[in-house]
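Subject: Structure handover

Hello,

Here is the structure we discussed, with my notes below it. Please read them with the model open.

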Amino acid sequence: MSQNHYNNLIKAHTLAKKKFGSTFPNPVVGCIIVKKNRIISTGVTGNQGRPHAEEIALKKAGDKAKGATMYVTLEPCFHKSINGSCTEQILRSGIKAIYIARHDPDIRTNKKSINKLKKNELEVHVGETAHITNHLNNFFFKSLKNKRPFVKVKMAISEDEKIAWSNYKSKWISNSKSRNYGHKIRFNSQAILTTSKTIIKDNPRFTVRKNNKIIKHLTTIIIDNSLKIPLGSKLLKDINKKRVIIFTSKKNNKSKFLKKIGCEVFFVNKQVNNQLNLKTIFKKIYDLKINDILVEAGGIFLSNLLKNDLVDEIHLFKAPVIIGSSGKPFLIGKKLKNIKYKEVLTKNFDHDIYKYLKI
């Protein structure tokens with residue numbers, strides 16, 4: 001591949017990166033169309049995944065697309081839509097060559113588009129920048145493979161690996177710069193997963209804020225075995241602005257009321273240990289077309305997730321404070337060093353240390 005073609009693919013990746021966090025449950029895809037060494041059109045996946053990047057770019061290009069070259073960060077779709085699959089639209093447009101960063105493993109497409117484009121005598125190049133698409137849309141590829149949501153955990157801990165004082169007297173362990181970065185992680189997530197215990201202790205809204213202004217309301221999923229969520233919680237006051245999903249074993253008047261005000265309530269039978277089956281819940285979350293979640297909860301819940309092999313990433317903010325043995329632990333019965341992980345990134349936010357860990 002020439003440097004020119006590579007550079008055009010990088011431009012398509014740059015478009016995709018800028019839109020990340022807005023296209024769930026679909027991957028974010030960037031597309032550019034070039035003719036006579038000039039970009040004549042660009043496209044990036046629309047909000048909630050539609051329209052697709054190629055469709056947008058082709059619509060903008062119109063008749064100018066004939067004889068042009070397309071650069072796209074993921075294999076064009078093969079499945080039906082109102083205007084036909086992206087592959088059909090590309091063939092109708094008269095595009096003569098296409099550079100595709102990587103194939104789409106979705107069974108509806110999975111190299112079918114690549115093969116059809118080749119059969120129709122387009123010049124097709126695949127795979128040169130696959131690693132960039134893999135990194136950006138890791139949530140999509142892993143959730144597709146595991147048939148469960150991609151799971152990130154965000155946690156602030158003390159130097160001695162505690163998440164709170166025994167009486168929960170302090171709301172925050174990390175500093176404001178760490179918390180601002182935490183909001184960026186939230187923004188790049190499809191949904192938040194928490195527990196009723198966290199809602200009772202912290203009464204969070206789980207919004208994304210920038211400069212103290214709410215810029216995004218996230219779908220919030222609550223694991224609430226005995227349906228203890230307070231009806232006056234801030235989360236429920238925002239019910240008209242976000243999707244709230246509750247998993248519980250209790251079917252009663254409270255569950256009926258929660259449904260009435262707009263919550264989605266799913267009933268799960270308790271296991272022998274009196275807990276809800278997390279793998280069953282995660283399968284249901286995936287079926288609800290949620291394939292990327294950020295966990296914001298306590299050490300007991302994190303320990304249960306790790307025990308069930310349900311964690312993909314941990315975003316850890318460590319503050320230079322000592323809470324002591326009476327504090328609430330980050331993990332139950334173990335330390336961070338006892339977990340198998342790969343450290344991807346370390347940053348400093350003043351005296352706080354941020355670690356991005358892949359499990």
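Which residue in β10 stands opposite Val208? Lys216 does. Bear in mind that this is a predicted model.

The hairpin first. Strand β9 (residues 207-210) runs antiparallel to strand β10 (residues 213-217), and four bridges join them. Two residues lie between these strands in the hairpin. One of the turn residues, Asn211, has a positive phi of about 55 degrees.

Now the overall picture. The protein chain has 12 helices and 18 strands. Its radius of gyration is 23 Å, close to the 21 Å that the globule rule gives for 359 residues, so the chain is as compact as a globular protein of that length. The C-alpha trace spans about 70 × 50 × 40 Å along its principal axes.

Next, the sheet. Five strands form an open sheet in the order β2-β1-β3-β4-β5. The pairing is mixed.

Ile33 stands opposite Met70 in β3. Helix α1 (residues 3-19) packs on the sheet and touches β1, β2, β3 and β4 (97-100). The direction of α1 makes about 145 degrees with that of β1. Helix α2 (residues 53-61) lies across β1, β2 and β3. Relative to β2, α2 runs at about 140 degrees.

On to the helix pairs. α2 and α3 pack at an angle of about 25 degrees, with axes 9 Å apart. Angles under 35 degrees count as roughly parallel, and α2 is therefore roughly parallel to α3. The crossing of α2 past α3 is left-handed. From α2, Glu54, Glu55 and Leu58 meet Cys86, Gln89, Ile90 and Ser93 of α3. By class, this contact of α2 with α3 has three nonpolar, two polar and two charged residues.

Helix α3 (residues 86-93) also packs with helix α4 (residues 112-119). Their angle is about 20 degrees and their axes are 10 Å apart. So α3 and α4 are roughly parallel to each other. Here α3 passes α4 in a right-handed crossing. Thr87, Glu88, Ile90 and Leu91 of α3 meet Ser113, Lys116 and Leu117 of α4. By class, the contact of α3 with α4 comes to three nonpolar, two polar and two charged residues. Look at Ile90 when you have a moment. This α3 residue takes part in the contact with α2 and in the contact with α4.

Last, the strands towards the end of the numbering. Strand β17 (residues 342-349) runs antiparallel to β18, with seven bridges joining them. Phe349 stands opposite Asp352 in β18. β17 and β18 form a hairpin with two residues between them. Asp350 in that turn has a positive phi of about 55 degrees.

β18 has another partner. Six bridges join strand β15 (residues 313-318) to strand β18 (residues 352-358), and these two run antiparallel. The bridge partner of Ile314 in β18 is Leu357.

Over to you.

Best wishes

Definitions and conventions
Residues numbered from 1 in each chain as written. Predicted model: local features only at pLDDT ≥ 70, side-chain atom pairs only at ≥ 80, totals over all residues. Heavy atoms only, no water. Axes fitted to C-alpha atoms, helices over the stretch in contact; angles between N-to-C directions. Parallel < 35°, antiparallel > 145°, perpendicular 65-115°, else oblique. Left-handed = near helix turned anticlockwise from the far one by under 90°. Contact = heavy atoms within 4.5 Å. Nonpolar A, V, L, I, M, F, W, Y, C, P; charged D, E, K, R; others polar. Pairing = 2+ DSSP bridges. Rg over C-alpha atoms; globule rule 2.2 N^0.38 Å.
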